[in-house]
Amino acid sequence: MIVQLALRNITYRPWRSVLLFFGFGVGVAVMIVLLSIGEALLSQARNEKLVGGGTITVLPEGLDIEVMKTGGIGGLFFSIDHASFLYQQVLATPRYKGEIAAVAPQIEGRLLYARTADGQEFPVHASGEIPASTKAVGAAPEIVDGTWDNDDGDRRWVSPAPFELRNGIDHFHMPSDSVANRDTWAEWHYFNVLSPDTRRWAFISFIVGGDVTSTKWGGQIGITLREQGGATRRFATNVNRSRVRFSTTDADLVFGDSHVFVLPDGDYEVRAAAREENGGGGRVSVAIRVHPAPYAYFPGVAMGSGGFVSGYTVPALRASATGTLCVDNQCEQLSDAQSYHDHNWGVWRGVTWDWGASRAGEYTFLYGRVYPGDTTASIPPVLVYLVDSLGFRAVFRPKNISYEDGRTVMTSSGALRVPSRARFEDARGDDTLRVEITVEDAIATDTRPRRRTGETEAERGDPLGSEKAHPYFIQMKGTVRISGRLDGEVLSGTGTGFFETYR
């Protein structure tokens, strides 16, 4: 009877019945979709591999989280640059040991290609984790068989020994395929050492220049000695490529009888000898041990576009030097002298920059920007990198450096106005930084090639020599005062440092 009534009703009002069936079907479909979404969200919330363990997930800046969840193409190639540095100096640093109990780096679902012995390739999805760290945040998988523990590679990533850290960021490089004119390639170790009375200093450079992928390259040791307000003595020794040893896997550099070695404890052994330029007849020899302060390093950055490559790292932003510096057989003993070490590589002909590194009380900071030889390129902002005894503290990006050219130095072309003061400042949210530099001494070096010898006097400003709009490389020594606020606390400090620009 019920079935008969239903059929009679459908035939009596067919369009109304169709509309009711359609509405009922849509309602059921919507309910199914909502239940499916709810189940999926609940499954994700319970899935430790998606959550990653812990209470906070750190992702690359600008990543669309919804795209990452749904597996869109925008989520395929993201990464966090210098992740190991971020782990060691920010998330797992002693500074936050009271707030952060454990940190676990994880990579999920990265597309890789596995190649078999017979040459076949297969796309695979791979994941990477540090076992002990993943266990610490409560996201360890269930181990059905065997063990899952840190290996030596995991240890080096999480907590490298000083020796491993130096070699990891301070090794040499080969020119990339984007470098069209490899004759303009140069790479060097640079050290500076300041006397205890802050009135004498030495700049020491080990330079590899030219196309290192061919036979057209060699090495040069450049040493500049300066006394504040006094004379500048320059020493140099060219080294045939057959006596040069550099490596893309470690920081050791051999120039004949001179060398830079990373010692087992992470210190640098620097030995160099050179003859005075311009027929001076003098000789200099350096035998020092440079001890980098813990945590005080800059992991490095490389820029490149249109054939221009510029790389820079600072393994020893704050360091001390002990050893001897001998000039004309008169030796000075150094003990815990203020020191610094950086490493540069890339295409340098025609390139200029602003740069400086200084102590400021408990802080040490580094600033710089590079101007490519292409004059149409935009002026980049200044990068300021600040550390203290516990490592990385903050990054600021001032737009400009204000120079006051109140000093005069003599060059072969006459008097040249150079900076007497410099200043820059920036604000990042509630954090502020103001840096004021008072220049106490300056050296001007003409980086253009010598007309007769084809050489250059610059041991750092442009090791290959070139014509440029601002040919004079200005090396300055001075005092610094920093001020501002950081994390709600007053930022203050004074100290001595070295600075560079062009005129």
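Partly exposed means a relative accessible area between the buried limit of under 20% and the exposed limit of over 50%. Keep those limits in mind on this tour. The model you have open is predicted.

**Stop 1: R200 and its partners**

Select R200. Its relative accessible area is 29%, so R200 counts as partly exposed. D197 and R200 form a salt bridge, and their closest N and O atoms are 3.7 Å apart. D197 is partly exposed too, at 39% relative accessibility.

Colour the two strands: E332 lies in β14 and R200 in β4 (residues 200-210), so the pair ties together parts that are 132 residues apart in sequence. E332 is partly exposed, with 26% relative accessibility.

**Stop 2: the loop between β13 and β14**

Select D328 and N329. D328 sits in the loop between β13 and β14, and N329 lies in that loop as well. Check the backbone angles here. Most residues other than glycine have a negative phi. D328 has a positive phi of about 50°. N329 has a positive phi too, near 65°.

Is N329 buried or exposed? N329 is exposed, because its relative accessibility of 78% is over the 50% limit. D328 reaches 37%, so D328 is partly exposed.

Now show R233. The side chains of D328 and R233 meet in a salt bridge, 3.1 Å from N to O. This pair links distant parts of the chain, as R233 is in strand β6 (residues 232-240), 95 residues from D328. R233 is partly exposed, at 26%.

**Stop 3: a network of charges**

Select R423, E425, R434, E436 and R481. Salt bridges link these residues in a network. How many salt bridges does a search of the whole structure find? The search finds 27.

**Stop 4: the largest cavity**

Rolling a probe the size of a water molecule over the atoms shows where empty space is left. The count here comes to two cavities of 30 Å³ or more. The largest cavity holds about 90 Å³ of space. To find it, select L317, Q338, S339, Y340 and A357, which lie nearest its centre among 14 lining residues. β13, β14, β15 and β25 (489-502) each give two or more residues to this lining. The largest share, four residues, comes from β15. By class, the lining has five nonpolar, seven polar and two charged residues.

**Stop 5: the second largest pocket**

Select F298, V301, M303, L383 and R397. Of the 48 residues that line the second largest pocket, these lie nearest its centre. The pocket's volume is about 1300 Å³. Which strand gives the largest share of the lining? β12 does, with eight residues. Other elements supply at least two residues each, including α5 (83-91), β16 (363-371) and β17 (383-388). Colour the lining by class: there are 29 nonpolar, ten polar and nine charged residues.

**Stop 6: a nonpolar patch**

Finish on the surface. Select F22, V26, V30 and L34. They form a nonpolar patch, with about 380 Å² of accessible area together. V26 is in helix α2 (residues 14-46). V26 has a relative accessible area of 38%, so V26 is partly exposed.

Conventions: Residues are numbered from 1 along each chain as its sequence is written. This is a predicted model: local features need pLDDT of at least 70, side-chain atom pairs count only at pLDDT 80 or more; totals for chains, interfaces and linings use all residues. Side-chain values use heavy atoms; hydrogens and water are left out. Patches are made of residues with over 30% relative accessible area and no salt bridge: like charges are joined within 9 Å, nonpolar side chains (Val, Leu, Ile, Met, Phe, Trp, Tyr) within 5 Å. Accessible areas come from the Shrake-Rupley method with a 1.4 Å probe; for residues, only the protein chains shown count as cover. A salt bridge is a side-chain nitrogen of Lys or Arg within 4 Å of a carboxyl oxygen of Asp or Glu. Buried means under 20% relative accessible area, exposed over 50%, partly exposed in between (1.4 Å probe, protein chains only). On a 1 Å grid over the protein atoms alone, a cavity is a set of points where a 1.4 Å probe fits but cannot get out, and a pocket is an open set with protein on both sides within 12 Å along at least five of seven lines; lining residues have an atom within 4 Å of a point. Grid points are joined across faces, edges and corners, and a volume is the space filled by probe spheres set on the points. Ala, Val, Leu, Ile, Met, Phe, Trp, Tyr, Cys and Pro count as nonpolar, Asp, Glu, Lys and Arg as charged, and the others, Gly among them, as polar.
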